[in-house]
Amino acid sequence: MSLETHSADPLVIRRLEFLGGMASADGWRPEPDLPEVAFGGRSNVGKSSLINRLLRRKSFARVSQYPGKTAEINFYRVNDEFLLTDLPGYGYARVSKEMRLRWATLIEGYLRTSAMLRGIVQLIDARHPPSDSDHEMFAFLADIGLPTIVALTKADKVKNADLSKHVVAAARDLGLDQDQLIPFSAITGTGRDELAEAIVALLAQPSWRT
Ligand SMILES: Nc1nc2c(ncn2[C@@H]2O[C@H](COP(=O)(O)OP(=O)(O)OP(=O)(O)O)[C@@H](O)[C@H]2O)c(=O)[nH]1
Ligand SMILES: [Mg+2]
């Protein structure tokens, strides 16, 4: 019998450290000596807000007023146990083609080559169907075979009665199992512990590359 209570936090945050940013696919990154999980999604999808809620910090990752600004992959070390990487948001209309290509090269290079990467948490806005750029991203993730968890963000903006319909529709659209999708709200905290548990399980997996 387990002595843990049902309310035990699957991911207690004891120590957090910002390690730095990776600006190009062959540029600086921290030593890959801990398992790693990436967070990706469209610009403005709620990534910084989700990371803050997950880590129980008010403003650790910056919540931006200016979408499309962050062009680096930011690395955080959590509890000296794993690295969390915050990928630049894609799909922002008001950037040049050249800039978009640079981001794709950076993100794809990072995801392809990071030896300790265990998977990605991919964010989709719970209110809207996945966009063309979301589909491109999921096709890339399927192509390299990277284990993927999907968080449906801003779930507080969807009526409770509609939420399960949105989950079913998004799962069908992305060709995923419904239980790979986690409704999440940075405002109410919905989905925080479920996501934390899924991430802990993902980090415990052996590399998918072998
Ligand atoms: N209602 C609601 N609003 C949210 C939620 N998460 C984020 N937002 C809002 O959505 C906007 C974008 O949030 P961010 O967390 O900065 O999104 P991001 O994906 O990090 O954005 P970029 O880094 O600029 O690409 C902000 O105005 C947030 O307050 C949520 O769960 N519910
Ligand atoms: Mg952000």
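**Exercise 1. Helix α2**

Which residues are exposed on the other side of α2? Work out how the helix is placed in this predicted model.

*Solution.* 
Step 1. Find the helix. α2 covers residues 97–113, 17 residues in total. From its first C-alpha to its last the helix reaches 24 Å, close to the 24 Å expected at 1.5 Å a residue.
Step 2. List the buried residues. They are Trp103, Leu106, Tyr110 and Leu111.
Step 3. Look down the axis. The buried residues of α2 fall within an arc of 120 degrees, so they line one face of the helix.
Step 4. Recall a rule about helices. An α-helix has 3.6 residues a turn, so residues three or four places apart point the same way.
Step 5. Turn to the other side of α2. Lys97, Glu98, Leu101 and Thr113 are exposed there.
Step 6. Name the packing partners. The buried residues of α2 pack against β1, β2 (36–41), β3, β5 (117–125) and α3 (132–144).

**Exercise 2. Antiparallel pairs**

Trace the pairing from β1 through β3 to β4.

*Solution.* 
Step 1. Start with β1 (residues 16–22). Six bridges join β1 to β3 (residues 73–78), and the two run antiparallel. Leucine 16 stands opposite valine 78 in β3.
Step 2. Move on to β4 (residues 82–86). Five bridges join β3 to β4, again antiparallel. Phenylalanine 75 has threonine 85 in β4 as its bridge partner.
Step 3. Inspect the hairpin of β3 and β4. Three residues lie between the strands. Asparagine 79 takes a positive phi near 55 degrees in this hairpin.

**Exercise 3. Strand β5**

Is β5 largely enclosed or open? Give the strands it is joined to.

*Solution.* 
Step 1. Check burial. Nine of the nine residues of β5 are buried, so the strand is largely enclosed by the rest of the structure.
Step 2. Take β2. Six bridges join β2 to β5, which run parallel. Phenylalanine 39 is paired with valine 121 in β5.
Step 3. Take β6. Six bridges join β5 to β6, also parallel. Isoleucine 124 has leucine 152 in β6 as its bridge partner. Isoleucine 120 stands opposite threonine 148 in β6.

**Exercise 4. The nonpolar core**

Which residues have the most contacts inside the largest nonpolar core?

*Solution.* 
Step 1. Count the core. It has 43 residues.
Step 2. Name the residues with the most contacts inside it. They are Val121, Ala151, Leu152 and Ile182.
Step 3. Find the main contributor. β5 gives the most to this core, with five residues.
Step 4. Follow isoleucine 182. Leave aside its neighbours within four places in sequence. Isoleucine 182 is then in contact with Ile149, Val150, Ala151, Leu152, Gly191, Glu194, Leu195 and Ala198.

**Exercise 5. A covered helix and an exposed glycine**

Contrast α1 with glycine 175.

*Solution.* 
Step 1. Take α1 (residues 47–54). Seven of its eight residues are buried, so mark this helix as mostly covered. The buried ones are Lys47, Ser48, Ser49, Leu50, Ile51, Arg53 and Leu54.
Step 2. Find what α1 packs against. Its buried residues meet β2, β4, β5, β6 (148–153) and α5 (192–204).
Step 3. Arginine 56 follows, with a positive phi near 55 degrees.
Step 4. Go to glycine 175. It sits in the loop between α4 (160–174) and β7 (181–183).
Step 5. Glycine 175 has 9, so it is exposed.
Step 6. Compare sequence with space. Glycine 175 and phenylalanine 138 are 37 residues apart in sequence and 9.6 Å apart in space, C-alpha to C-alpha.

Conventions
Residues numbered from 1 in each chain as written. Chains lettered and ligands numbered in written order. Predicted model: local features only at pLDDT ≥ 70, side-chain atom pairs only at ≥ 80, totals over all residues. Helix = DSSP H or I, 4+ residues; strand = E, 2+ residues; numbered from the N terminus. Buried ≥ 20, exposed ≤ 12 C-beta atoms within 10 Å, placed from the backbone. Pairing = 2+ DSSP bridges. Expected span 1.5 Å × (residues − 1). Arc of directions from axis to C-beta. Contact = placed C-beta atoms within 7 Å. Core = buried A, V, L, I, M, F, W, Y, C linked by C-beta atoms within 7 Å.
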